[in-house]
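Have a look at the structure first, and then read my notes alongside it.

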Amino acid sequence: LHVRILATGGNLSADLMMQAPDDGTFVVVTSPAAYPSEHYYTQGVKVITIRSTAVVREFPKVKSINYVGAIVVSKKAKEAGAVEAIYVNSNDELTEGARTSFVGIKGNTLYSCFSDDVLDGITRNVTLEIVVAALVQQQEQQHGKTESLKIEKTAIALA
């Protein structure tokens, strides 16, 4: 079961001040759990890139309920036969997906963007922790010890 919880602090008044706390919204939406197919892991998936300036992302560090930009680019990805649209910032760096965090692994190096262009959310942080733990475990199983694991705190440049 997939559970999404949305809680807001309430509506803004005309003077842009929050209304009383009892004006908030709490919504719970459930849907059947859907997991990626095995071939996603063994063969990879197609993604598209999109300039983050092409989508209104005024505050990428803020988790908001404005999903219009993500919906638009997700539709473009689907039309292109891709599973995700990856944002590219003004420095030509891959930052994050429209609906996902983006992490790259090459050898013993884990790449991820740590700029102000990326939402530093719970899912992203837990994902990074899990990936690091899995890489360490894999190295210990293969080599009996942990080799040097390098975490690059930079985005992957769009070549």
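Predicted model: local features only at pLDDT ≥ 70, side-chain atom pairs only at ≥ 80, totals over all residues.

1. Let's begin on the inside. The largest nonpolar core is built from 9 residues: I48, I50, A70, V73, A77, A82, A85, Y87 and A98. Two or more of these residues come from each of β3 (47-51), α2 (68-79) and β4 (84-88). The largest share, 3 residues, belongs to α2. As background, nonpolar side chains in soluble globular proteins tend to be buried together.

2. Now follow α2 along its length. This helix has 12 residues and spans 17 Å from its first C-alpha to its last, close to the 16 Å expected at 1.5 Å a residue.

3. Which residues of α2 are buried? They are G69, A70, V73, S74 and A77. Looking down the axis of α2, you will find these buried residues within an arc of 125°, so they line one face of the helix. The other side of α2 carries the exposed residues V68, I71, K75, K78 and E79.

4. Finally, turn to the surface. L1, V3, I5, F26 and V28 make up a nonpolar patch there, and together they have about 560 Å² of accessible area. β1 (2-8) and β2 (25-31) are the elements that each give two or more residues to the patch.

5. Is F26 buried or exposed? F26, which sits in strand β2, has a relative accessible area of 59%. Exposed means over 50%, so F26 counts as exposed.

How values were computed. Residues numbered from 1 in each chain as written. Heavy atoms only, no water. Patch = residues over 30% accessible without salt bridge, like charges linked within 9 Å, V, L, I, M, F, W, Y side chains within 5 Å. Areas by Shrake-Rupley, 256 points an atom, 1.4 Å probe, with all protein chains shown as cover. Salt bridge = Lys/Arg side-chain N within 4 Å of Asp/Glu carboxyl O. Helix = DSSP H or I, 4+ residues; strand = E, 2+ residues; numbered from the N terminus. Buried < 20%, exposed > 50% of the residue type's maximum accessible area, 1.4 Å probe, protein only. Core = buried A, V, L, I, M, F, W, Y, C linked by side-chain atoms within 4.5 Å. Expected span 1.5 Å × (residues − 1). Arc of directions from axis to C-beta.
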